[in-house]
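Please keep the sequence and the model open while reading.

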Amino acid sequence: MLGRSALSRTGSFRPENLGQNALVMIGNLCFTLFVIGVLIFTIIAATYEPEDPLFHPSTKITTFLTSTSNATFKSDNTVVRTGEDFMRPNETDIGTFINITDVENPTPDATECEGGVNQPIDCSDPDVFHLLMRTAIEVFRDIHFYRFGKSVRGSNESTCDMAWRFRPKDGKTASFYKDYRTFVISRSENCTLSILGIGDYHSGLNARKKKRNQKPGFQKQEPAATLLVVGEVVNDSLPVVESESSFSQGKYLIYTGGGDRCKSMNHYLWSLLCALGEAQYLNRTLVMDLSLCLSSIYTNSKWDEEGKDFRLYFDFEHLKESASVLDQAQFWLDWNKWQKKDGLSLYLVEDFRITPMRLALSNDALIMRKFGSVEPDNYWYRVCEGETESVVQRPWHLIWKSKRLMDIVSGIASRLNWDFDSVHVVRGEKVKNRELWPNLDRDTSPDALLSSLQEKIEDGRNLYIATNEPDTSFFDPLKDKYSTHFLDDYKDLWDEKSDWHLETTKLVDGAPVEFDGYMRISVDTEVFLRGNKQIETFNDLTSDCKDGIHTCSTASS
């Protein structure tokens, strides 16, 4: 038996069976390699944490927003991208611009002119209105007009103020802008009206404010109301609950504590959007702390600075009109007043791993998420990681940049007639670190800039230089070929006599507001982005990588 068994086992290795055995062994080997490959792939997929695309170029943002990856943060002093940055111009939303052929040509009636040559200009006269519109269209050729407000009397009898809504002809953002200017008008002996001059940006103050529900003077098509309009009067007063009954019937969500304070704006916004997303998912009002801590990476003092108002940096008017939010200080006053009387309950959550899905059935008046002191588990955005990512969506459309800051951007671009090219020159601390950026100092020198720009920008063009180089005289050699412009050339738009200073001072109860580092970066970047041609440092001027040597492939992926 034993012998027979041994013979039968070895019989399979006879020459006539070798081909079949080889095929079996190859199949087993392939299957083993397949299993090992799947195992390796699973381990990589489970442990991989991609770099946060918020710090990548804007072309990568769309991919990031549709991904389901976790977010990690590092200090970053770039400008945070907000909801309006992801909106693209759409003819349906924007409407049709006004051509000069759409406006009647004034025809004076000489028979009605006797004795009227020296009379005050009647700004409500349709002929005057049409003259102002036609003149604006003829003079400002680099913008498209979408709405004209009715002309009103200016500062004296020979001036009229008129407002209009416009977009630059080559505008890349889905935004409207509003300007209002003074027109100096004369009347000849035969009653012909002519324009002697047009005031500067926002000079026509009497045309700025528009009464509620007042119809515009002239427009071809009513555009969508969802687009950002820069230049309108801002109403970012704090929302209040109308009555005890309304407050007691509401459902609220609040985030307290945590390690997000005094971090970069990118970090702050990422966490805030998580809180807004959860509030919307739970159909609750988000109770917000509108007092920010500005990170030292943005301050002139190089220290973290508390007490910065959210409304100085972001469009609170748009937020409160688009979502249910309350100011934290006002909320606690109402809560302490009515909580015991109306039996309002509070549900305390101290573990970020308790998902919004588990809280959906809570009937408590207030859900309070309390975060501890151990980083990174005390970051607000941790709530939106894991299984929550596919359920709670961050509502990017709710956060827009401050209209007051964007009005400064519009003012600078208007003074350049919306016809300029721009270059972003990064220097600062990076040019001193030759280990990480070995070529940056040389590649951003005046001679190198002239060489790089000569094939990209025509001689004589208006060139806006967005830069962190503190001494702008460094760029004086460029003046031989271009008309150079810098942020500080327009300080009057935020100095003590400016509309921005007046409005922000009122906003914070009379305390002076500093035009801080983040505001400077924000305005500088936004003006750069409105150039007809835009030249970037790390894409166009140097071979160095934005984040240092050996990081180009990572930054571009």
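Contact means heavy atoms within 4.5 Å. Among contacts in the protein chain between residues at least 6 apart in sequence, 70% join residues at least 24 apart. The model is predicted: local features need pLDDT of at least 70 and side-chain atom pairs count only at pLDDT 80 or more, while totals for chains, interfaces and linings use all residues. Residues are numbered from 1 along each chain as its sequence is written, and side-chain values use heavy atoms, with hydrogens and water left out.

**Whole chain**

- The protein chain has 17 helices and 17 strands; these are DSSP runs (helices H or I, at least four residues; strands E, at least two), numbered from the N terminus.
- Of its 557 residues, 47% count as buried, where buried means under 20% relative accessible area, exposed over 50% and partly exposed in between (1.4 Å probe, protein chains only).
- The accessible surface of the protein chain is about 29100 Å², with 51% of it belonging to carbon and sulfur atoms; areas come from the Shrake-Rupley method with a 1.4 Å probe, and for residues only the protein chains shown count as cover.

**Five-stranded sheet**

- An open sheet of 5 strands has the order E11-E8-E7-E13-E12, with parallel pairing; two strands pair if DSSP finds at least two bridges between them.
- Its edge strands, each pairing on one side only, are E11 (325-327) and E12 (346-349).
- Neighbouring strands of this sheet are turned by 25 degrees against each other on average, direction ignored.
- Strands E7 (residues 252-257) and E8 (residues 285-288) pair in the parallel sense over 3 bridges, and Ile254 stands opposite Val287 in E8.
- Helix H7 (residues 265-282) lies across E7, E8, E11 and E13 (366-371), at about 155 degrees to E7; axes are lines fitted to C-alpha atoms, for helices over the stretch in contact, and angles run from 0 to 180 degrees between N-to-C directions.
- Helix H9 (residues 328-342) lies across E7, E8, E11, E12 and E13, and runs at about 85 degrees to E11.

**Four-stranded sheet**

- Another open sheet, of 4 strands in the order E16-E15-E14-E17, also has parallel pairing.
- Strands E16 (483-485) and E17 (534-535) are its edges, each pairing on one side only.
- E14 (residues 421-425) pairs with E17 in the parallel sense over 2 bridges, and Val423 stands opposite Ile535 in E17.
- Helix H15 (residues 517-528) lies across E14, E15 (462-467) and E17, at about 145 degrees to E15.
- In helix H13 (residues 446-453), 6 of the 8 residues are buried: Pro446, Ala448, Leu449, Leu450, Ser452 and Leu453.
- These buried residues of H13 pack against E14, E15, E17, helix H12 (440-443) and helix H16 (537-541).

**Helix pair H11 and H14**

- The axes of H11 (residues 403-415) and H14 (residues 499-507) come within 11 Å and cross at roughly 175 degrees.
- H11 and H14 are therefore roughly antiparallel to each other (over 145 degrees; under 35 is roughly parallel, 65 to 115 roughly perpendicular and the rest oblique).
- Arg404, Leu405 and Ile408 of H11 make the contact with Trp500, Glu503, Thr504 and Leu507 of H14.

**Ala466**

- Ala466 lies in strand E15 and is buried, with a relative accessible area of 3%.
- Leaving out residues up to four places away in sequence, Ala466 touches Val423, His424, Val425, Asp524 and Phe528.
- Ala466 and Val425 are 41 residues apart in sequence and 6.2 Å apart in space, C-alpha to C-alpha.
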